[in-house]
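Subject: Structure handover

Hello,

Here is the structure for you to look through. My notes on it follow below.

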Amino acid sequence: SQLTILCQKRLSGQPVAYLLGNKEFYGRKFLVDERVLIPRPDSEMIIDQLKNILQNKTHVAEDGPPQHGNGNRQWNLLDVGTGSGCLAITAKLELPNLDVIASDISNDVIDLAKTNAKNLHAQVNFIQSDMFSNITDKFDIIIANLPYVPDGFNVSNDVKAEPAMALYSGIDGLDHIRRFMSEYREYANTHTVILLESLAIQHQQITKQAKKNGLVWHKTVDLIQVFTVV
């Protein structure tokens, strides 16, 4: 029976989200399958921080983004490595004033993200791009939940079933983030806000890397670090 097959798949280490074909993120259901990483509650903090930054229109850093009088200013956001699209789509739905572009290296993944955007009625533009390779604009906000698991890191069976390409990033897990840091510059304005997710043990190293590449650390909340461009 179908149930027996599902049970067998689950016992063999298939994550529940893949078996169900969806996962909730920020109160909405996103389609997921073996092409994409399963959205995690940790990443919801990126959305919380975005709302915090934009809705309060506070200075992000002491010399942070200028106050823009009213809240109707159109901000543009880039989500690098969008996967299921959960961050880009949620950002657009929670903050309709955002112009959102989402990129991913894989066309297959973009197909899935587009389906999620359509199902959730979110207007997001998707671009196939290896990091910034096909990006042309400059952005007020860049968010990136890039692969950050160190190669050989001991992960659960569930995680082993997820796409390795979306998880692992070299010996210290920072290959993708280092590359991001070295390439982001021409896609950012002065005072662009950058939100990155990584392991807590990587934060110190990332802050050092950020400083070398013209970013100022603003704050850390759980796994999320917030930087501004100087």
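A residue is called buried when its relative accessible area is under 20%, exposed when that value is over 50%, and partly exposed in between. Please keep in mind that this is a predicted model.

**Gln225**

Start with Gln225, which sits in strand 9 (residues 224-229). Is Gln225 buried or exposed? Its relative accessibility is 1%, so Gln225 counts as buried. Its side chain has polar partners. One is the side chain of Thr207, in a polar contact of 3.0 Å. Another is the backbone oxygen of His203, which lies 3.2 Å from a polar atom of the Gln225 side chain.

**The nonpolar cores**

In soluble globular proteins, nonpolar side chains tend to be buried together. Here the largest nonpolar core has 60 residues. Which of them touch the most other members? They are Phe132, Phe180 and Leu195. Helix 3 (residues 44-55) gives the most to this core, with six residues. A second, separate core has seven residues, among them Tyr18, Val32, Val36 and Ile38.

Not counting residues up to four places away in sequence, Phe180 touches Val80, Met131, Phe132, Ile142, Ala144, Leu146, Ile194 and Leu196.

**The largest pocket**

Rolling a probe the size of a water molecule over the atoms shows where empty space is left. The largest pocket has a volume of about 850 Å³. Its lining takes in 43 residues. Leu37, Asn145, Pro147, Ala166 and Leu167 lie nearest the centre of the pocket. Strand 3 (75-80), helix 4, strand 4 (98-104) and helix 7 (175-183) are the elements that give two or more residues to the lining. By type, the lining divides into 23 nonpolar, eleven polar and nine charged residues.

Helix 4 (residues 86-94) is mostly covered, with seven of its nine residues buried. Those buried are Cys86, Leu87, Ala88, Ile89, Thr90, Ala91 and Lys92.

**Ser43 and Glu34**

Both residues belong to the loop between strand 2 (28-31) and helix 3. Ser43 has a relative accessible area of 3%, so Ser43 is buried. Its side chain makes a polar contact of 3.2 Å with the side chain of Asn145. Asn145 is one of the residues nearest the centre of the largest pocket. Leaving aside neighbours within four places in sequence, Ser43 is in contact with Phe25, Leu87, Asn145 and Glu197.

Glu34 has a relative accessibility of 43%, so Glu34 counts as partly exposed. Not counting residues up to four places away in sequence, Glu34 touches Gln14, Tyr18 and Pro163. Tyr18 belongs to the second core. Now look across the model. How far apart are the C-alpha atoms of Glu34 and Tyr187? They are separated by 31 Å, and the residues are 153 apart along the chain.

**Arg178**

Arg178 is found in helix 7. At 28% relative accessibility, Arg178 counts as partly exposed. Which side chains does it pair with? The side chain of Arg178 makes a polar contact of 2.9 Å with that of Asp172. It also makes a polar contact of 2.9 Å with the side chain of Asp175. Not counting residues up to four places away in sequence, Arg178 touches Asp172 and Gln209.

**Two backbone angles**

Most residues other than glycine have a negative phi, and most peptide bonds are trans. Tyr26 has a positive phi of about 55° although it is not a glycine. Asp222 has a positive phi of about 55° as well, and it is not a glycine either.

Where do they lie? Tyr26 is in the loop between strand 1 (22-25) and strand 2. Asp222 is in the loop between strand 8 (215-221) and strand 9. Tyr26 counts as buried because its relative accessibility is 18%. Asp222 is exposed, with a relative accessible area of 55%.

Best wishes

Key
Residues numbered from 1 in each chain as written. Predicted model: local features only at pLDDT ≥ 70, side-chain atom pairs only at ≥ 80, totals over all residues. Heavy atoms only, no water. Buried < 20%, exposed > 50% of the residue type's maximum accessible area, 1.4 Å probe, protein only. Helix = DSSP H or I, 4+ residues; strand = E, 2+ residues; numbered from the N terminus. 1 Å grid on protein atoms, 1.4 Å probe; cavity = no way out; pocket = protein on both sides within 12 Å on 5 of 7 lines; lining within 4 Å. Points joined across faces, edges and corners; volume = space filled by probe spheres on them. Nonpolar A, V, L, I, M, F, W, Y, C, P; charged D, E, K, R; others polar. Polar contact = N/O pair within 3.5 Å; in protein donor to acceptor, adjacent residues only side chain to side chain. Core = buried A, V, L, I, M, F, W, Y, C linked by side-chain atoms within 4.5 Å. Contact = heavy atoms within 4.5 Å.
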